[in-house]
Amino acid sequence: MALEQKLQELEKNMAHVSLNSKKLYPSVEKLSSKDKKRILITGGAGFVGSHLVDELMHSGHEVTVVDNFYTGSKRNIQHWIGHPSFELIRHDVVNALYVEVDQIYHLASPASPPHYMHNPVKTLKTNTMGTINMLGLAKRVNARVLVASTSEVYGDPEQHPQNEDYWGNVNPIGPRSCYDEGKRVAESLTYAYAKQENVEVRVARIFNTYGPRMHFNDGRVVSNFICQALQNQPITIYGHGNQTRSFQYVTDLVHALIALMNSSYSMPFNLGNPEEHSIRDFATRIKQLVGGSSEIVYLDGVEDDPQRRKPDISRAQRLLGWTPMVGLCMDL
């Protein structure tokens with residue numbers, strides 16, 4: 001009898017521990033079955049994808065993330081793992097995928113030059129074969145698909161600012177071509193499926209974006225300058241420093257992607273912040289904010305590096321009602 005009582009007491013203690021160790025998730029909205037969507041995000045463990053996951057989960061949808069973790073990280077989405085409305089699939093979009101969904105955000109692709117130039121063949125496969133697979137999935141399950149393109153489709157632009165009707169100035173055999181041309185082919189495939197197979201498509205041409213969860217060593221301007229300044233290393237500018245970029249905060253981009261997905265427009269949309277700054281001014285501002293003893297140094301320019309980058313977002317403002325809300329504080 002004493003043993004039986006001890007076992008019962010142990011079971012109660014275990015139940016108490018299990019109850020108190022239950023994982024707590026961020027709060028989510030409760031949607032009706034009519035409003036709740038099954039949403040697939042490729043590259044959902046990456047920088048932009050994980051913020052999109054957060055927004056869609058908070059809104060009450062069911063989200064499935066597909067990622068091969070080439071540049072993504074489970075840390076970015078670990079707060080959702082185990083939630084009944086969340087699923088994580090380790091998978092490479094170069095291979096076919098069979099799931100039932102209502103919407104597909106196709107974000108899978110390395111996006112920083114060191115990452116996409118490290119394995120250019122893989123970058124091309126992801127943006128061509130991977131896009132074909134996602135478009136084919138959308139066709140099979142009658143889903144709407146948003147393909148994440150890039151401002152790099154404009155190359156080193158001869159038009160300033162760049163609007164969606166500009167065809168670009170891209171070197172098809174240069175070191176950046178695996179990404180630039182891969183995204184241009186992805187757009188071509190998207191509209192071919194729309195015309196031939198009646199797939200509902202959306203295309204977002206994403207300009208420079210920054211924010212939490214950026215890869216520490218991804219080689220892009222924001223993370224490079226901040227990491228160098230924090231470690232009191234030289235802040236390296238490639239070229240003369242007069243080349244310009246326009247930086248948008250990640251939450252602005254996420255809101256734009258969702259607005260585009262749920263709109264009735266299938267043409268390409270520039271999604272970026274038209275606030276333009278030179279690389280030199282940006283490096284100086286980061287040095288001032290971080291402090292330390294870093295010096296700004298100039299190295300040889302990078303081949304095919306765009307000299308001016310500024311989006312014309314009048315289409316997104318007019319048709320999506322979207323304008324970026326977060327600006328860069330560049331007062332020196």
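Contact here means that heavy atoms lie within 4.5 Å of each other. The model shown is a predicted one, in which local features need pLDDT of at least 70 and side-chain atom pairs count only at pLDDT 80 or more, while totals for chains, interfaces and linings use all residues. Residues are numbered from 1 along each chain as its sequence is written, and side-chain values use heavy atoms, with hydrogens and water left out.

**View 1. Arg-144 in strand E5 (residues 144-150).** Strands (E, at least two residues) and helices (H or I, at least four) are DSSP runs, numbered from the N terminus. Arg-144 has a relative accessible area of 18% and is therefore buried, a word that means under 20% relative accessible area, with exposed being over 50% and partly exposed in between (1.4 Å probe, protein chains only). Leaving aside residues up to four places away in sequence, Arg-144 touches Asp-102, Gln-103, Ile-104, Glu-200, Arg-202, Met-261, Asn-262 and Ser-263.

**View 2. Strand E11 (residues 268-271), covered on both faces.** In a regular strand the side chains alternate between the two faces of the sheet. Pro-268 and Asn-270 are buried on one side of E11, and Phe-269 and Leu-271 are buried on the other. Strand E6 (residues 201-206) runs parallel to E11 and is joined to it by four bridges, where pairing requires that DSSP finds at least two bridges between two strands. Within this pair, Ala-204 stands opposite Phe-269.

View 3. Just after H6, Asn-232 takes a positive phi of about 55°.
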